[in-house]
Amino acid sequence: MARPRPDAVRLDALGALGPYRARNRLAVTDVAGREYAELSLVPPLFVDRTLKALRRAAVPGHDERIGMIGRAAGLFATAELNGLTPDEYALGVSRVGGTPISVVRSTMAAIAARLREVQHAVEQARPTGAVHRWDDPLTRAGRAVWVRRGSVFAVHAAGNHPGQHSLWPEALALGYRVAVRPSRREPFTPHRLVTALRAAGFGNDQVALLPTDHGTADALLRGADLGLVYGGEDVVRRYAGDPSVLPQGPGRSKILITGDVDWRAHLDVIVDSVSGHGGTGCVNTTAVFVEGDPGPLCAALAERLAAVPSLPPEDPAAVFPVQPLATAKALQAHLLHRATGTRAWLGGEQVLGEVGDGSAALRAAVHQLDSPEAPQSAVELPFPCVWVAPWTREAGLGPLRDSLVLTALTHDDALVAALVQEPTIGNVYVGDQPTHRMRSGLPHDGYLAEFLMRCKSVIRD
Amino acid sequence: MPQSALDVLDLPPGVRPEPDELIRAAMRWHFGPDTGSPFWLERAGSLPFDPLTDVRTHDDLTLFPDVTAELRDVPARDLIPRGYGSGPDVVGVFESGGTTGAPKRVVLLRDWLERMLHWSNLNLDAHGFPRGADWLGLVPTGPHIVGEYFRRSAATHGRQGFTLDLDPRWVKKLIAAGRRADADAYAEHIVDQAAFVLRTQDIGVLTITPPLLERLARREDLADLVNSRVRAIRWGGTQLDPDSRHLYKTEIFPDTVLCGNYGSTMILGFAGERPDLPEEAGCVFDPYSPYVTFRVVDPATRLPVGYGERGRVLVHHVSKAFFLPNNLERDLATRVEPPAGHAGDAVADIAPVTTFENETVIEGVY
C-alpha cells in the first residue's frame, strides 16, 4: 500500500452509519502521477449492509425531498464540503480526471441548476393519465398511479465527465434510496454531491457513496433493485437481457449536413460539438456526415482545432482533456491502429501534446473517411476525435444509426421525420445545435424516470 | 543415523527445537541414504552442493532450488522418508488447489499431523475457543488437507465435527468460464446445507472460508443463529480483508471469537492468528516455527523486504515427515517481526493484488 501524501484529500466511503474510513484505501493520482486523494474502498460485506440499511430506511415526503435536493444544489455550488471549497473541488476534478477546469466550473453550475429543477424534470416523464398518490380522489373512479419499480437504486458512475451526476438525483426525487459507486478517475463529484445531499437533510441511510474495487462492483447491483451502469460496448452486451439494469454505453453522437446547407455557416457549432466540454462526453460528436466532398470541412476543422494550445487541465484556457502520458500514448496508438486506411488531417503524432509534467493533452484528431459505411465512424474515444465521411441519399439512414444524439443541418423535413422515427437514434437536434446540448426536462437517453417508474391501476369503491 | 538427529526431530510437541539444530538434524534425516525419501535422495544428485555438509543453518535453506513444481508429477510414495520403515502411518495424500494447472501432491504422516494439531489447539485455546464444542466445517473436502485438519481439530479440540462437501476446483472453473450465476448457486447450496446443521445442532465452533462467511452473514436469519449459538469462528482458505474483519468483530458477530488461519497444502498445515493483538494491529499470522517458517521477499531477488514492507511469502517446511524449502507462494503480505526467539517472519495483510477498473478498455468515453 502506498504511503499517503500528508495533504492528500481524504475521500471516505459514505455509508449508512456516516463517513467510513476504510483500512483499504486507494491512492488516487493526478494526471502527472502524484497522489492527490486517498479513496476508501469498501468490501462486499459493507456494500451489502449499507444497501440493506437503505432498503429499511424511511422515505421522506415528496415535497420534503424536492426541498432537500434544492438546498443541496446551493451547497454543492457554493459551500465548503469535506474540507474543499468549490474552487478546490474543481481543481481536484481537473487534476485527477484531466478535465479542463473551465468545463468543471460550468458543469458545477449546471449540476446545481439541474438539481433545482429536478421536480420539473421528473414531472415531464409522468404519463399524463397517471397521478402521484393512491389516495388521489381521481383513483375513486379508477386511475393510473405512478409508482416506483423498487426502492434501492445503484449507480456505477464513470469518470469521463462530472455532468453525469446531474442525472441520478432524479431517483432521489422519486423516492428511491440511492448508492453511487464512483470512478477512481473522478470520485470528487459524487462525493461532494452525496455530502451536499446529506447536509441538506437526506439521511445517511438514504443516499450513499460506496467506492469499491473492480471485483466488488457486482455487489452493488446485487443488493439494489435497479441499477444504472456506465461503460463500453461490453457493459451494454452484458446487461442487454437484464431488465433491472439500464446500461449507458457508447454515445456515437453524429452530425449530418445535407447538400442544401452550407457547413461554413455552422463551423462553430461543429467544432463545439467535437471539442466542447473537453470532447469526453457521450454527447460529443464522433462522426460528421457531409453530403458532398468532406475535404473542405476537414480542412476547416483541422485548421480551427490545430490552433488550440496544449495546456495543463487546471489552466483556465485549457480546452483539451489531459491524461497521464502512458494512457495518452495508449490512446494514440489505438487511434493510429483504427485510422488505418483513412486520411489524417489531424492525427498520429499531432494527437499528443505533452504538458511537461508526465501528462499530455489529448489533442483533437480529424480523419476523413472515403465512404459512409467506413467502420471508423463508430470509433468513439475519450477526447475530441472526429471522423468525417461523405453521405449520400443512397446510403440513407444506415450510417446514422446507433447515435445518442444526431444534429441534422438540413432543410429536408422528410429526412428529419425519418431520423426522429429511427429507433436507434436517441435525440434529434435540427439546425444550429451542438450535439452536447442538454436541458433539464428533456430526455437524455429517454427519461430516467421511464426506467424507474411504472403505472399501476388503482380503483376504489 | 546418529541418535541425536532423531531426538531433535522427535522432540515432544511442547518443546521447540533450536532452529539451526533442527536444520542439521533434518539434513541428516532427509539426505541420509537409509532415512531420506526416494524423491530427495534422487534429487540430491543434481544439487550443486552437499546438504549434509553445506546446509548448517536455517538461512542456508535458501541454497535449495524451489522444487515445488516437481510435486505435480512425482509418485506420492516417493515422498515418504525411508526412515519410517515399511509401514509408515500415512493419514492421506493431499493436493494443492489446482488453480494453475495440475495439482501438486503431498503425503501427510501421522506424527506431523499430531504435532501440528497439538500446536494449533493451543493457539485456539489462546483465542478463547471453547473446548468440547460441536464444530461445523464449511471447508474444502476430498483431496484438500484443510478438510482433514477440520475433522481432526473437531475431534481433538471439540467433540463432533459436522461436515459437508465442498469442491473449490469446480467453483474456480465456473468463475473462469464466466458462469458466475452457477458459481453463486453452488455457494448458496453449501450455505443451505450449513443452515440445516446450524438450525438443529448445537454448533459452538464454525470453520469456514471468508466468501462463505460473507454469504452466511448476508442471510440475516443465519447471522442470528450464529450469534445465538456459535462462540468462535475459525476462518481460512482465502483471505479476509481488514474492513470485513472489522465489521464482523464490531457489528455482525460482536460476541463471537474470530480467528484466522493462513494455510497451504505445501506446508502441510497452516499458520495461526497471533492472539491478544490490539484491534488496529490487524491480523498477524505466526507459523509453527521452526518446522514451518516464512520469509517475506522481493520476488525478483528472493531477498527479504524490510519489516512493514510488502512482498511475496516464501515458505520452508522442515519436519521429520516432509522437507520442502523455498516454496514461493503467490500471496503478498506485510513482513512482521516474529515472536522472540522464532526463526523467520510473521506475516500480515495477506492479499491478492487488487484492480479497480479494467484498464484495457479503450473505446468509448467511460
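Strand E7 (residues 143-148) of chain A lines up with E23(A) in the antiparallel sense, over 6 bridges. One of the residue pairs here is Ala144(A), whose bridge partner in E23(A) is Ser457(A). Strands count as paired if DSSP finds at least two bridges between them, and the strands (E, at least two residues) and helices (H or I, at least four) are themselves DSSP runs, numbered from the N terminus. As background, strands of a sheet pair through backbone hydrogen bonds, either parallel or antiparallel.

Zoom out and you get an open sheet of 3 strands in chain A, ordered E6-E7-E23, with mixed pairing. Strand E6 (130-131) and strand E23 (453-458) of chain A sit at the edges with a single partner strand each, so one side of each has no neighbour in the sheet.

## What you're looking at

This is a predicted model: local features need pLDDT of at least 70 and side-chain atom pairs count only at pLDDT 80 or more, while totals for chains, interfaces and linings use all residues. Residues are numbered from 1 along each chain as its sequence is written, and chains are lettered from A and ligands numbered from 1 in the order in which they are written.

## Two domains in chain A

Chain A splits into domain 1 (9-249) and domain 2 (253-430), with bounds that come from an automatic or database domain assignment. Their centres, taken over C-alpha atoms, are 30 Å apart. Where they touch, domain 1 of chain A puts in 14 residues and domain 2 of chain A puts in 17; contact here means C-beta atoms, placed from the backbone, within 7 Å.

On the domain 1 side, helix H3 (86-97) and helix H4 (101-116) of chain A each supply at least two residues. That side divides into 6 nonpolar, 7 polar and 1 charged. For the bookkeeping, Ala, Val, Leu, Ile, Met, Phe, Trp, Tyr, Cys and Pro are nonpolar, Asp, Glu, Lys and Arg are charged, and the others, Gly among them, are polar.

Helix H11 (residues 242-252) of chain B has several buried residues, including Arg245(B), His246(B) and Tyr248(B). The buried residues of H11(B) pack against helix H1 (44-56) of chain A, as well as helix H9 (210-218), helix H10 (220-229) and strand E7 (257-264) of chain B. Buried means 20 or more other C-beta atoms within 10 Å of the residue's own, exposed means 12 or fewer, and partly exposed is in between, with C-beta atoms placed from the backbone.

Ala326(A) lies in helix H12 (residues 325-338) of chain A. Ala326(A) is exposed, because it has 12 other C-beta atoms within 10 Å.

How values were computed: Two residues are in contact if their C-beta atoms, placed from the backbone, lie within 7 Å.
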